[in-house]
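Here is my note on the model you asked me to look over. Please keep the structure open while you read the points below.

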Amino acid sequence: MRYKVTFFVGLALGYVLGTAAGRERYEQLKKSARAVAQNPAVRNAVETAGHTGRDVAGKAFVAVTDRVEHAAPNGFGHRLRSRRERGQGSDDDWGTSNT
């Protein structure tokens, strides 16, 4: 209960401070956020993190299917294996290639 009260007090405080700052400050923060997002170093870091995440997810999928396909009911293990084999060889099936 204490955490809920703390959360709502923080929410109310943020609302009051946010409304006191006004529209001008909001626009200033929005402009700063856009400038950061358009920075080439930030864009490269986001792209690298995306590629790393996809690689790790792919390796995790392979590891899980290796362990699960033997314990899965009939037919399910085969579907997992075929899904894994179908996914191999595609560079970017998430639609996030840098074009």
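The points below go from the basis of the model to its helices, and then to a few side chains.

1. This is a predicted model, in which local features need pLDDT of at least 70 and side-chain atom pairs count only at pLDDT 80 or more, while totals for chains, interfaces and linings use all residues. Residues are numbered from 1 along each chain as its sequence is written, and side-chain values use heavy atoms, with hydrogens and water left out.

2. The protein chain holds three helices and zero strands, and along the sequence its pattern reads α-α-α. Helices here are DSSP runs of H or I with at least four residues, strands are runs of E with at least two, and both are numbered from the N terminus.

3. Helix H1 has 36 residues, yet its end C-alpha atoms are only 37 Å apart, short of the 52 Å that a straight helix would reach at 1.5 Å a residue; the expected span is 1.5 Å times one less than the number of residues. H1 also has a kink of about 95°, centred on Gly-22, where the bend is the angle between axes fitted to the seven residues ending at a residue and the seven starting there.

4. Which residues form the salt bridge? Glu-27 pairs with Lys-30, and their closest N and O atoms are 4.0 Å apart, the rule being a side-chain nitrogen of Lys or Arg within 4 Å of a carboxyl oxygen of Asp or Glu. The count by this rule is one salt bridge. Both residues lie in helix H1, three residues apart, or about one turn of the helix. An α-helix has 3.6 residues a turn, so residues three or four places apart point the same way.

5. Glu-27 counts as partly exposed because its relative accessibility is 31%, and Lys-30 is partly exposed as well, with a relative accessible area of 33%. Buried means under 20% relative accessible area, exposed over 50%, and partly exposed in between (1.4 Å probe, protein chains only). Of the 99 residues of the protein chain, 6% count as buried.

6. Is Met-1 buried or exposed? Met-1 counts as exposed because its relative accessibility is 76%, and its place is in the segment before helix H1 (2-37).
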